[in-house]
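Please examine the sequence and the structure shown below. The report that follows describes selected features of the fold and its surface.

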Amino acid sequence: MSTAAATVRPREVLADLLPASRLKDAALVLGGAALTGLAAQIAVPVPGSPVPVTGQTFAALLVGTALGASRGLASLVLYALAGLAGVPWFAGGSSGVSVSFGYILGMLLASTVVGALARRGADRSVPRMAGTMLLGEAIIYAVGVPYLAYAADLSASAALAAGLTPFLIGDALKAALAMGLMPTAWKVIGKD
């Protein structure tokens with residue numbers, strides 16, 4: 001006796017609504033990297049922390065959600081490699097490796113995960129988008145905070161105090177913005 005496996009048809013992400021072409025994909029990847037770089041320029045120093053509050057985590061998660069896992073990852077890889085090569089588009093116009101580079105590494109993984117979840121419809125409703133953004137933020141911190149502890153020679157509790165706690169309220173606000181933005185975009189285009 002054989003069992004038939006149900007075929008799960010992946011859903012579209014917002015970028016899939018544009019006509020398919022390699023040029024389009026390249027432009028979306030470049031645009032996602034540029035958006036992340038621009039958002040990183042919104043940088044507010046946090047007293048007692050070497051890590052500023054920035055818009056780059058918000059952008060990285062939106063890029064992953066809107067472009068999907070592969071294009072989102074490609075955008076963040078381009079962003080990271082260009083910043084390592086000297087493009088001054090990390091937080092506050094910096095480039096190269098710093099104590100906060102772990103957050104950028106976390107964004108690579110988070111963008112991929114939220115993109116995969118968006119392909120499964122996680123960007124279509126506020127509750128699912130909330131879970132998606134919170135998971136993305138958790139991934140960024142899961143990589144960024146230990147990297148910060150290592151790079152800045154901080155204890156685990158000091159790394160949490162400097163690299164997580166001061167950012168929770170801002171990240172909750174960014175998640176709330178994304179929760180409204182993505183499902184609304186799908187409603188506006190009539191494909192929710």
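This is a predicted model: local features need pLDDT of at least 70, side-chain atom pairs count only at pLDDT 80 or more; totals for chains, interfaces and linings use all residues.

L73 is placed in helix α3, which covers residues 69-84. Together with V77, L81, L84 and V97, L73 makes a nonpolar surface patch of about 400 Å².

P19 belongs to the segment before α1 (22-39). This proline is exposed, because its relative accessible area of 65% is over 50%. P19 and R120 are 101 residues apart along the chain, and 20 Å separates their C-alpha atoms.

The two residues may be set side by side.

| Residue | Relative accessible area | Class |
|---|---|---|
| P19 | 65% | exposed |

Helix α5 consists of 26 residues, numbered 126-151. From its first C-alpha to its last, α5 reaches 36 Å, which is close to the 38 Å expected at 1.5 Å a residue. After α5 comes D153, which has a positive phi near 55 degrees.

How much space lies in the largest pocket? The volume is about 270 Å³. The lining of this pocket has 21 residues, and those closest to its centre are V51, P52, T54, T57 and Y103. Two or more lining residues come from each of the elements β2 (53-54), α2 (56-67), α4 (101-119), α5 and α7 (168-188). Helix α5, described above with its span of 36 Å, is thus one of the elements that contribute to the pocket lining.

Note on methods
Residues are numbered from 1 along each chain as its sequence is written. Side-chain values use heavy atoms; hydrogens and water are left out. Patches are made of residues with over 30% relative accessible area and no salt bridge: like charges are joined within 9 Å, nonpolar side chains (Val, Leu, Ile, Met, Phe, Trp, Tyr) within 5 Å. Accessible areas come from the Shrake-Rupley method with a 1.4 Å probe; for residues, only the protein chains shown count as cover. A salt bridge is a side-chain nitrogen of Lys or Arg within 4 Å of a carboxyl oxygen of Asp or Glu. Helices (H or I, at least four residues) and strands (E, at least two) are DSSP runs, numbered from the N terminus. The expected span of a helix is 1.5 Å times one less than its number of residues. On a 1 Å grid over the protein atoms alone, a cavity is a set of points where a 1.4 Å probe fits but cannot get out, and a pocket is an open set with protein on both sides within 12 Å along at least five of seven lines; lining residues have an atom within 4 Å of a point. Grid points are joined across faces, edges and corners, and a volume is the space filled by probe spheres set on the points. Buried means under 20% relative accessible area, exposed over 50%, partly exposed in between (1.4 Å probe, protein chains only).
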